[in-house]
Amino acid sequence: MKRRLIRARIKLNQTIQQILEINRKRQKLPYVQNAAQKRTDMEQELKVLNKIAEHQAKLVQHYENKVGQSVNR
């Protein structure tokens, strides 16, 4: 169970890093051609990544609870 928790935390951190990278790119958009198209693409990607991060956070919480329960036994 601890391995699953560690893997879930790693994946959550990777997803958060992707979200942060997209946000950094969005700040540079006013200086790029086709900014409107790229903005909509980034917004769609952010929606998907936010859903994934939310699901991964729930998994981490679930695994933390399971590991906590097994320690208390």
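**Figure 1. A salt bridge between R9 and E64 in a predicted model.** In this predicted model, R9 and E64 form a salt bridge, with their closest N and O atoms 2.8 Å apart. The term salt bridge stands here for a side-chain nitrogen of Lys or Arg within 4 Å of a carboxyl oxygen of Asp or Glu. The pair joins distant parts of the chain: R9 belongs to helix α1 (residues 2-27) and E64 to helix α2, 55 residues apart. Helices are DSSP runs of H or I with at least four residues, strands are runs of E with at least two, and both are numbered from the N terminus. R9 is partly exposed at a relative accessible area of 39%, and E64 is partly exposed too, at 35%. On this scale, buried means under 20% relative accessible area, exposed means over 50%, and partly exposed lies in between (1.4 Å probe, protein chains only).

**Figure 2. R24 meets E21 within helix α1.** Let us stay with salt bridges for a moment. The structure holds 3 of them, and one joins the side chains of R24 and E21 at 2.8 Å, N to O. Both residues lie in helix α1, 3 residues apart, or about one turn of the helix. R24 is partly exposed, with a relative accessible area of 41%, and E21 is partly exposed at 37%.

**Figure 3. K58 pairs with E54 in helix α2.** Here the salt bridge has its closest N and O atoms 3.7 Å apart. K58 and E54 are 4 residues apart in helix α2, so about one helical turn separates them. K58 counts as exposed at 51% relative accessibility, while E54 counts as partly exposed at 46%.

**Figure 4. Q56, a buried residue of helix α2.** Q56 sits in helix α2 (residues 35-72). Its relative accessibility is 12%, so Q56 counts as buried. Which residues does Q56 touch, leaving aside its neighbours within four places in sequence? They are K11, L12 and T15, where contact means heavy atoms within 4.5 Å.

**Figure 5. Q14 in helix α1, and its distance to Y31.** Q14 is found in helix α1 and counts as partly exposed, at 48% relative accessibility. In sequence, Q14 and Y31 are 17 residues apart, and in space their C-alpha atoms are 27 Å apart.

**Figure 6. The whole chain, for orientation.** Now step back from the close-ups. The protein chain has 2 helices and 0 strands. Its radius of gyration is 17 Å, well over the 11 Å that the globule rule gives for 73 residues, so the chain is more spread out than a compact globule. That radius is taken over C-alpha atoms, and the rule is 2.2 Å times the number of residues to the power 0.38. Along its principal axes, the C-alpha trace spans about 60 × 15 × 15 Å. Buried residues make up 22% of the 73 residues. Among contacts in the chain with a separation of 6 or more, 71% are between residues 24 or more positions apart.

**Notes for all views.** Residues are numbered from 1 along each chain as its sequence is written, and side-chain values use heavy atoms, with hydrogens and water left out. Because the model is predicted, local features need pLDDT of at least 70 and side-chain atom pairs count only at pLDDT 80 or more, while totals for chains, interfaces and linings use all residues.
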